[in-house]
Amino acid sequence: MADKTLNFELNKKEENGISSGSKALSVTGNEMSKDEFDKMRDLIYNLSGIYFTENKKYLLESRVSKRIKANNMVSFSQYIYFLQTMYGRKELDALFEAITINETFFYRVPQQFEALENTIIPQLIKMKSHLPNPTIRIWSAATSTGEEAYTLAIIVLEKLKPLYPDVDFKIIGTDINNAVLELARRGIYKEYAVRNMPDSWFSKYFVKDSNKYYLKNEVKNMVEFRTINLYDSKAVQSIPPCDVIFCSNVLIYFDVPSKKKVISGLYKVLNKGGYLFVGYSESLHGISEAFRLVHLLKTMAYQKD
């Protein structure tokens with residue numbers, strides 16, 4: 001799900017429609033009724049934990065309308081019924097893609113990656129020093145098109161593996177959306193996605209062709225991608241124990257019960273002494289007291305005691 005970054009910011013057309021107080025008609029030519037909105041919102045919430053408040057009704061209406069048109073349907077009720085049938089299961093991927101915006105790029109939060117490299121990894125390896133071949137597992141939850149997971153892979157190749165050759169680094173990237181994961185597996189990016197990377201990384205880890213950057217296999221092979229819904233507790237528990245979890249810019253789009261459920265699942269996956277990174281606008285205050293807030297150089301993280 002969502003850096004994937006879940007971002008429910010309105011696009012310009014939708015924003016203008018709502019800010020002016022007008023009721024923009026959907027592509028079906030009809031406005032979503034309150035009953036249809038409640039059913040659509042509840043269906044999305046029950047499947048993903050993503051919650052649309054009343055003031056996001058027109059946004060949901062606009063996004064769902066596009067899927068109705070793509071499926072040659074004529075009404076919201078027809079689409080809702082379709083999603084509840086066995087034939088509508090594949091459509092759920094397209095629906096989640098329509099209601100979320102997957103905006104991310106390489107080396108997006110340098111402070112977190114620097115803290116990982118310079119403080120957290122050395123500390124974790126020291127904790128595992130009694131093991132002959134220790135493993136460090138890092139999970140990029142809501143990885144979207146893979147930029148965060150691949151940034152972690154490059155940091156391992158560039159900085160960590162030379163220092164810790166006997167450590168086995170494993171990276172997992174997950175998302176609720178199969179479509180973005182397929183793009184992640186391809187590892188092909190445009191200039192926007194790589195704009196924040198150190199210059200030395202380009203020639204070492206990418207092949208440029210025209211305006212596209214093709215990630216080299218040595219990086220792609222470092223990451224295992226899986227389809228995981230963070231709201232599905234059973235699915236989350238299929239992730240092997242992790243030492244570090246990145247889950248940025250996702251929680252702010254859940255309501256409190258959903259946040260508690262997701263964080264509880266992440267806590268269970270995290271090894272004792274492991275770290276959780278969330279977005280800068282996110283906090284576990286009022287959500288979980290199981291973690292200890294740790295102040296690192298230029299950033300913060302939550303540690304499982």
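User: Which residues does Phe106 touch, and what makes a pair count as a contact?
Analyst: Leaving out residues up to four places away in sequence, Phe106 touches Glu147, Tyr150, Thr151, Ile154, Tyr189, Ala193, Val194, Asn196, Met197 and Phe206, where contact means heavy atoms within 4.5 Å. This is a predicted model, in which local features need pLDDT of at least 70 and side-chain atom pairs count only at pLDDT 80 or more, while totals for chains, interfaces and linings use all residues. Residues are numbered from 1 along each chain as its sequence is written, and side-chain values use heavy atoms, with hydrogens and water left out.

User: How do you know whether Phe106 is buried or exposed?
Analyst: The relative accessible area of Phe106 is 0%, and the terms are set by that value: buried is under 20%, exposed is over 50%, and partly exposed lies in between, with a 1.4 Å probe and protein chains only. Phe106 therefore counts as buried, although its place is in the loop between α5 (91-99) and α6 (110-127); helices here are DSSP runs of H or I with at least four residues, strands are runs of E with at least two, and both are numbered from the N terminus.

User: What makes Lys208 buried or exposed?
Analyst: Lys208, which belongs to strand β4, has a relative accessible area of 52%, and it is therefore called exposed. The side chain of Lys208 also makes a polar contact with the side chain of Tyr213, at 3.5 Å; the term asks for a pair of N or O atoms within 3.5 Å, and within protein one must be able to donate a hydrogen and the other to accept it, while residues adjacent in sequence count only if both atoms are side-chain atoms.

User: How do you know whether Ser65 and Asn229 are buried or exposed?
Analyst: Ser65 has a relative accessible area of 1% and is therefore buried, and its place is in helix α3 (residues 57-70). A polar atom of its side chain lies 2.6 Å from the backbone oxygen of Glu61. Asn229, in the loop between β6 (223-227) and α12 (233-236), counts as buried at 15% relative accessibility, and a polar atom of the Asn229 side chain lies 2.9 Å from the backbone nitrogen of Tyr231.

User: What describes the direction of α2 against α3, and how do you know?
Analyst: Helix α2 (residues 34-48) and α3 pack at an angle of about 80 degrees, with their axes 11 Å apart; these axes are lines fitted to C-alpha atoms, for helices over the stretch in contact, and angles run from 0 to 180 degrees between N-to-C directions. Angles under 35 degrees count as roughly parallel, over 145 as roughly antiparallel, 65 to 115 as roughly perpendicular and the rest as oblique, so α2 and α3 are roughly perpendicular to each other. In this packing Phe37, Met40, Arg41 and Ile44 of α2 meet Lys57, Leu60 and Val64 of α3.

User: Why are β4 and β5 said to pair, and in which sense?
Analyst: Two strands pair if DSSP finds at least two bridges between them, and β4 and β5 have four, in the antiparallel sense. Asp209 has Lys212 in β5 as its bridge partner, and in the hairpin of these strands, which has two residues between them, Ser210 takes a positive phi near 60 degrees. On the other pairing, three bridges join β3 to β5 (residues 212-215), again antiparallel, with Ile188 opposite Tyr214. The result is an open sheet of three strands in the order β3-β5-β4, with β3 (188-190) and β4 (206-209) as its edge strands.

User: What makes β6 and β9 edge strands in the sheet of seven strands?
Analyst: This open sheet has the order β6-β2-β1-β7-β8-β10-β9, with mixed pairing. β6 and β9 (291-296) each have a single partner strand, so one side of each is left without a neighbour in the sheet. The twist averages 25 degrees from one strand to the next. Within the sheet, β2 and β6 pair in the parallel sense over five bridges, with Gly173 opposite Phe225 in β6. Helix α8 (residues 178-186) packs on the sheet, touching β2 and β6, and its direction makes about 165 degrees with that of β6.
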